[in-house]
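I opened the notebook to look up how this chain is put together. The entries below follow the order in which I checked things.

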Amino acid sequence: MSSEQQPKPKSVPGKALQDVDLDGHDLPPSPAPSSPRNGRKYALATELVYTDGGDQYNASSVPIYQSATFKQSSSTSMGEYDYTRSGNPTRTHLERHLAKIMSAARALVVSSGMGALDVITRLLRPGDEVVTGDDLYGGTNRLLKYLATNGGIVVHHVDTTSVDAVRAVLSPKTAMLLLETPTNPLIKIADIAALSRAAHDANPAALVAVDNTMLSPLLQNPLDLGADIVYESGTKYLSGHHDVMAGVIAVSAAALGDKLYFAINASGCGLSPFDSWLLLRGVKTLAVRMEKQQANAGRIASFLEGLGFRVRYPGLASHPQHALHWRQARGAGAVLSFETGDVAVSERVVESARLWAISVSFGCVNSLISMPCRMSHASIDEKTRRERGVPEDIIRLCVGIEDVEDLIDDLRRALVQAGAVKIDVDGIVAIESEDAAALAEETANGTVGQTDEAGPSS
Ligand SMILES: Cc1ncc(COP(=O)(O)O)c(C=O)c1O
Ligand SMILES: N[C@@H](CCSC[C@H](N)C(=O)O)C(=O)O
């Protein structure tokens, strides 16, 4: 019998670590959770912070069990852990903590967000169909394309803002509906509850998986809305400091958790003890970071919209799915995108910013600026990007916790320096698309500010 098939050893009576938590989750042995004992639930901001390690020395910070192996009392009696690929106390503590935060039957942590999706897609079989969005993180698109090319999986990309468009491709062959909401980078919203119902109607065995990276469990919980699996890049908001790569998977059913655990143990992508510790530390400050980042993002979105730019952010009343977003989420997050009307102008904006670091990723405490078509989504070819309506000039802002006036000042200066705005009696306003293209040409020719009639301007 393989070790995966063996029944899990029961925890030793009297040990600090228990098999079943206070909510009755049938999870691997780990430190006790923090649920209050009087039936009342703590607010999420409290749950994020509160951990009860059950450590033998009452360590306030969960210890890092930096050990690949664990000694056994005999060749046949294994303790709670034998080998860190299969399980590690620091990792288990984090998983229990996340399961509680994500209202999940079980949470699992792996070495990256893409690792999480890789594990999830191991539930698919050749011939299975996956229905997913037409706006997706570039790496997600790449993995799905790989599976379609090499794994016999049929992938349908549709506009997930339309329940009818999704319904049109759902069928009894649909094994998975994979959603991002808000999408990266177009910030489109998918109706998680309606789409989950549609997928389960088409095939009751279909799994609905939602990438919740953009909002984190603080702002949205897809499991409460009918999804079967939620996954996140822990590299982003959950950790918050861009010092760790991690992926989180949370499931609504323990049996699904067992299958995913099997894939993680078999492939060896479980999160390392030190990275588990870093992620646990990051999770504790999620609420304060996200609240500040989101407040800053709201101000910046309004600033850009006020200048006349087309801004994509669900916190703005102008977002086409504003109402839907607020029905299913508790906040707008801190990622937004806008267009200047011209690729060269966008490039100059990005390169003129000082406080805003030119970097992929998001969810970090410091603010980032990027051009998705050149960076995070460069792995999607230009033709596909065009077909899917991703503007080449789109700029993505990932807002951090800095002073918002400093961020706005820096952005204003970058917009002026790049020629993305013109100055009129009312202050600065976005240049219309055609003006931006003309300005870009003038800049390329070294004739900025010149007119045919008047010659060089002063
Ligand atoms: C929405 C989204 N999902 C998943 C991932 C993958 O996460 P990771 O970089 O941790 O593999 C990313 C970014 O990388 C992302 O933006
Ligand atoms: N070179 C990387 C790019 C990572 S993008 C990270 C993040 N998801 C984002 O949207 O910025 C790759 O090809 O995967």
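**Entry 1: the whole chain**

I noted at the start that this is a predicted model. I looked up the element count and found 15 helices and 16 strands in the protein chain. The chain has 458 residues, and 48% of them count as buried. I then checked contacts between residues at least 6 apart in sequence: 69% of these join residues at least 24 apart.

**Entry 2: the seven-stranded sheet**

I traced an open sheet of 7 strands, in the order β3-β9-β8-β7-β6-β4-β5. Its pairing is mixed. At the edges I found β3 (106-110) and β5 (154-158), each of which pairs on one side only. From one strand to the next, the twist averages 20°.

Strand β9 (residues 247-251) pairs with β3 in the antiparallel sense, over 5 bridges.

Helix α4 (residues 138-150) lies across β4 (129-133), β5 and β7 (207-211). I noted its angle to β5 as about 145°.

**Entry 3: the five-stranded sheet**

I traced another open sheet, this one of 5 strands in the order β10-β11-β14-β13-β12. The pairing here is mixed. Its edge strands are β10 (310-312) and β12 (357-358), and each pairs on one side only.

β10 pairs with strand β11 (residues 335-339) in the antiparallel sense over 3 bridges. I looked up Arg312 and found Ser337 in β11 as its bridge partner.

Two helices went into this entry. Helix α12 (residues 343-352) packs on the sheet and touches β12, β13 (368-370) and β14. Its direction makes about 25° with that of β14. α10 lies across β10, β11 and β14 (395-398). I noted that α10 runs at about 10° to β11.

**Entry 4: helix α9**

Is α9 enclosed or open? I counted 9 of its 12 residues as buried, so α9 is largely enclosed by the rest of the structure. The buried residues are Pro273, Asp275, Ser276, Trp277, Leu278, Leu279, Leu280, Gly282 and Val283. I then looked up what covers them and found, among others, α1 (44-49), α2 (89-101), β3 and α10 (286-307).

I also checked the length of α9 (residues 273-284). At 1.5 Å a residue, its 12 residues should span 16 Å. The end C-alpha atoms are 17 Å apart, which agrees.

**Entry 5: the ligand shells**

Which residues come nearest to ligand 1? Of the 14 residues around ligand 1, I found Ser112, Gly113, Met114, Ser233 and Thr235 nearest. The elements giving two or more residues to this shell are α3 (113-121) and α4. I sorted the shell around ligand 1 into 3 nonpolar, 9 polar and 2 charged residues.

Around ligand 2 I listed Tyr137, Gly139, Asn184, Val360, Ser361, Phe362, Ser376 and Ser379. I sorted that shell into 3 nonpolar and 5 polar residues, with no charged ones.

Definitions and conventions: Residues numbered from 1 in each chain as written. Chains lettered and ligands numbered in written order. Predicted model: local features only at pLDDT ≥ 70, side-chain atom pairs only at ≥ 80, totals over all residues. Pairing = 2+ DSSP bridges. Helix = DSSP H or I, 4+ residues; strand = E, 2+ residues; numbered from the N terminus. Axes fitted to C-alpha atoms, helices over the stretch in contact; angles between N-to-C directions. Contact = placed C-beta atoms within 7 Å. Expected span 1.5 Å × (residues − 1). Buried ≥ 20, exposed ≤ 12 C-beta atoms within 10 Å, placed from the backbone. Near = placed C-beta within 6 Å. Nonpolar A, V, L, I, M, F, W, Y, C, P; charged D, E, K, R; others polar.
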